[in-house]
Protein chains: 2
Amino acid sequence: MSKNHNILVIGAGLCGSLLALRLAQHGFNITLVEKRPDLRKVTLDAGRSINLALSDRGLRGLRLAGVEEAAKELLIPMTGRMIHEKSGKTFLSPYSGRDDEYINSVSRPGLNKLLLNEAEKMPNLKIIFNQSCVEVDHETPSATFEDFETGELTTYTADVIFGTDGAGSVVRSSMVNDKEFLLNISQQWLGHGYKELEIPAAENNGYRTYKNALHIWPRGEDMLIALPNLDGSFTVTLFLPYKNSDYCFENLTTPEKVEEYFQKEFPDVLALIPNLTEIFFTNPTGSMGTVRCDPWQREGKILLMGDAAHAMVPFYGQGMNASFEDVAVFDEILTQYKDGLSSGESSWETIFNEYEKVRKKDADAIGELAVDNFDEMKAHTGMEIFQKKRKLETAFENEFPGEYYSKYSLVTFNEDITYSEAKKLGRAQDNAILGLIHEGKLPETMSLKEKLEIVRKQTQVILNTKEKADYLKY
Amino acid sequence: MSKNHNILVIGAGLCGSLLALRLAQHGFNITLVEKRPDLRKVTLDAGRSINLALSDRGLRGLRLAGVEEAAKELLIPMTGRMIHEKSGKTFLSPYSGRDDEYINSVSRPGLNKLLLNEAEKMPNLKIIFNQSCVEVDHETPSATFEDFETGELTTYTADVIFGTDGAGSVVRSSMVNDKEFLLNISQQWLGHGYKELEIPAAENNGYRTYKNALHIWPRGEDMLIALPNLDGSFTVTLFLPYKNSDYCFENLTTPEKVEEYFQKEFPDVLALIPNLTEIFFTNPTGSMGTVRCDPWQREGKILLMGDAAHAMVPFYGQGMNASFEDVAVFDEILTQYKDGLSSGESSWETIFNEYEKVRKKDADAIGELAVDNFDEMKAHTGMEIFQKKRKLETAFENEFPGEYYSKYSLVTFNEDITYSEAKKLGRAQDNAILGLIHEGKLPETMSLKEKLEIVRKQTQVILNTKEKADYLKY
């Protein structure tokens, strides 16, 4: 039935590879085109988000395509944040009070390779590398690609095109630039850039610091983080303002200045990165932004998905997870309408519309939460009141595992509730707890059960106030 | 002192002309470059916002440059909205209960000519037409222009460049496209387009319908408006969805369909526009959007102003007024820092930063209000509860002229309060009155003074609720 539909997927990164694989499993004929060389043959992207945090929503997408178990072999569990104070003191702040809730460090190219390998096994899926999209014709629909080596142009036509070509999406640009189409778009950049560094492995692939955590050196306006790799190394990322700060990318221009900065802010790291200044000046400085747009689809012929539709800053560790969840949400709707596609009772336009209707608000929500979480990571994790809140939440989750879920847990470990629901409830809880601690309304003498009751009541008060204010929008 | 600073102003529309004139009055050397031909010699722009509504904030800018009195000769006062019901019944809904508060219809090219004439009188100001900006170099700074007739390229360097080149600003695009700069930008389009039509003058430049009003035919999802011109004609604008509606630009494709639509929705207008279908298919369909961006300035060398910085939809009649107010707000800051420019105690960067700090929130506020007002015009003006609200507000303003100002009045007639303050208070008042009417808490038996007290109290309750909710943002 649906086998005769030809689908063009532009971009074979994490989202595009999983999507193409899953669509092929549905029986469609897939052409998957990637502008870069085959990363299974060529090493790419030094200095750009080498590892990522995979959690429940991402695993849901992988499970759907039957690759969850294979992916699990690539994962390193991270059970909490290891906070490094300036003094060198460290403490572990668990992500949850429930033992089975943790995130996982995974190599981006490693996971991408796995997905490409699986995709390539499908007889109805063809992958083309080294071809960069230069034009999209939404009417046919078709897209034209330039071969990286020969410069030759090739046009592929299809029944529908999926744009999974990332934050700088060419498919999205083709919509932005077409004045007939009127794509709503917003691009908001952070005033911080990032730089990837590396803590090398110890002997025999040992780890130079605690393996099963996401390490954070929170310093208020700037921070360093580190995620473990399978080979014993850690990928380290420095987040720093571009300018207008004592230390910023604009003034860290000499090895001496970089050493001075690390000596002052991250002395314990200095010892772990032998060639710090060399990597610092070799690796590029990346920028981070949030992209929102709508509509995601054009007349049932083109659909944006993943970062192309909703790029976000990396601070909730949800970019990849949201993209994989996109595939799962889309799959649910596709499954519902698929039979109608050949009978003519449904159309790609209906499917795309339905998908956007369900998914857009959640993509917006995680985009917003990701920006908030930058403050949480770089500043709040180092603050006493925030640490008290986290301890209390962890205790709630530990003692009453079926009754309390922190914002982090709602967003990261609860695929059954949407990002937008998680945002609403999670923010209200945060407000409630911080307010109650600040006002001294959760004294040590109070039982944990009593504390939970008070937090719940106050959360409800806040949700009601917010609802009233939203109602007053006119 | 400041005479030796060379300033390049790109775009000689309403904002650019007034800005250039005012900067020349300060003694700077001005080069004002416009891509289109001199509109004093060539008629342009058929079918694109021929007339506009000028009100207090706009007059403030003109006053500053000494051209308010000259401009007043071009104005036709509009004291209220003349609402045309489907039945043909009309009624006037005043803009204010105070007699001296009204808006003014003015010809865009007429006002632009006046400003260009005044600008040209300045010996230190040079206007160049027919040169389209193709590139901006922010470092020098300089800009390169292509001559429309000869194709020749010319580069002008300056101490600072002002981008006043409108909603589709090339100066802004140069910032967007420079990946080094990271301009935050948002473009949101309406699902409605617009089409300009005309009610011709009657004999001897007479008016075919009431002269001193802004006419509205509110029909829920679509509407027609008309503004008077000095020659007896009215410029009429149809606002209509692009698609997915019984009547929309997508399906109004034949003269018969257009006639049918007007016959059904605007039968009284059909009699006033003899060549309706001809104009309909000759004039272009325009799109409307809101553009927000920041920062408006780049390193003290380039500053965006007017629509280039904050394009808005036309429904509050504040686009031009906001642009002229930009010039007035900028002027105040410039005056404060001007002497320091030559002594080196201040810099253009300080002035630009200060301007953006003061002005950005107000540009955002009027952009938002303008979108809201589309609903008010096309739907609310035809609703009973809204008409009751307007009558009550007019009575308040009439009886207690020093005590009550409606949102419309705050935005349009009160240049002493900012757009953002007007938005906050005005929205709260709207909520209060609509809620009170809905709940029957303003019965006929109550005195006007008592009603005002209740509205005030409820407004305060709403402002407090909003404040509480804003506080809960975390």
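This is a predicted model: local features need pLDDT of at least 70, side-chain atom pairs count only at pLDDT 80 or more; totals for chains, interfaces and linings use all residues.
User: Into which domains is chain A divided, and how many Å apart do their C-alpha centres lie?
Analyst: Chain A is divided into domain 1, made of 2-46 + 108-186 + 289-363, and domain 2, made of 383-471. The contact between them takes 8 residues from domain 1 of chain A and 8 residues from domain 2 of chain A. The C-alpha centres of these two domains lie apart by 37 Å.

User: Which three residues supply 73% of the area that domain 1 of chain A buries against domain 2 of chain A?
Analyst: Between domain 1 and domain 2 of chain A, the buried area is about 690 Å², with carbon and sulfur atoms giving 49% of it. On the side of domain 1 of chain A, three residues supply more of the buried area than any other three. They are A:Tyr316, A:Gln318 and A:Asp362.

User: How many residue pairs are in polar contact across the interface of domain 1 and domain 2 of chain A, and how many salt bridges are counted there?
Analyst: For salt bridges, the count between domain 1 and domain 2 of chain A is 0. With both residues at pLDDT 80 or more, the number of residue pairs in polar contact across this interface is 3.

User: Which helices of chain A each supply at least two residues of the side of domain 1 that touches domain 2, and how many charged residues has that side?
Analyst: At least two residues of this side come from each of helix H10 (319-343) and helix H11 (348-378) of chain A. By class, the side of domain 1 of chain A that touches domain 2 of chain A has 2 nonpolar and 2 polar residues, and its charged residues number 4.

User: What area is buried between chain B and chain A?
Analyst: The contact involves 28 residues of chain B and 28 residues of chain A. Carbon and sulfur atoms give 56% of the area buried between the two chains. That area is about 2500 Å².

User: How many residue pairs are in polar contact across the interface of chain B and chain A, and which element of chain B gives the most residues to its side?
Analyst: Across the interface of chain B and chain A there are 0 salt bridges, while 6 residue pairs are in polar contact, both residues being at pLDDT 80 or more. Strand S13 (184-199), strand S17 (286-294), helix H14 (419-438) and helix H15 (448-471) of chain B each supply at least two residues of the side that touches chain A. This side of chain B divides into 12 nonpolar, 8 polar and 8 charged residues. The element that gives the most to it, with 7 residues, is S13(B).

User: Which residue is the bridge partner of A:Ser186 in S13(B)?
Analyst: Strand S13 (residues 184-199) of chain A and S13(B) run antiparallel and are joined by 3 bridges. In S13(B), A:Ser186 has as its bridge partner B:Ser186.

User: Where is A:Pro295, and what is omega for the peptide bond that joins A:Asp294 and A:Pro295?
Analyst: A:Pro295 lies in the loop between strand S17 (285-294) and strand S18 (297-298) of chain A. In chain B, the peptide bond from B:Asp294 to B:Pro295 is cis, with omega near -5°. The bond joining A:Asp294 and A:Pro295 is a cis peptide bond, and its omega is about -5°.

User: Where is A:Leu182, and what is its phi?
Analyst: A:Leu182 is placed in the loop between helix H5 (170-177) and S13 of chain A. Although A:Leu182 is not a glycine, its phi is positive, at about 55°.

Notes:
Residues are numbered from 1 along each chain as its sequence is written. Chains are lettered from A and ligands numbered from 1 in the order in which they are written. Side-chain values use heavy atoms; hydrogens and water are left out. Domain bounds come from an automatic or database domain assignment. Contact means heavy atoms within 4.5 Å. Buried area is the accessible area (1.4 Å probe) that two parts lose on being put together, summed over both. A salt bridge is a side-chain nitrogen of Lys or Arg within 4 Å of a carboxyl oxygen of Asp or Glu. A polar contact is a pair of N or O atoms within 3.5 Å; within protein, one must be able to donate a hydrogen and the other to accept it, and residues adjacent in sequence count only if both atoms are side-chain atoms. Helices (H or I, at least four residues) and strands (E, at least two) are DSSP runs, numbered from the N terminus. Ala, Val, Leu, Ile, Met, Phe, Trp, Tyr, Cys and Pro count as nonpolar, Asp, Glu, Lys and Arg as charged, and the others, Gly among them, as polar. Two strands pair if DSSP finds at least two bridges between them.
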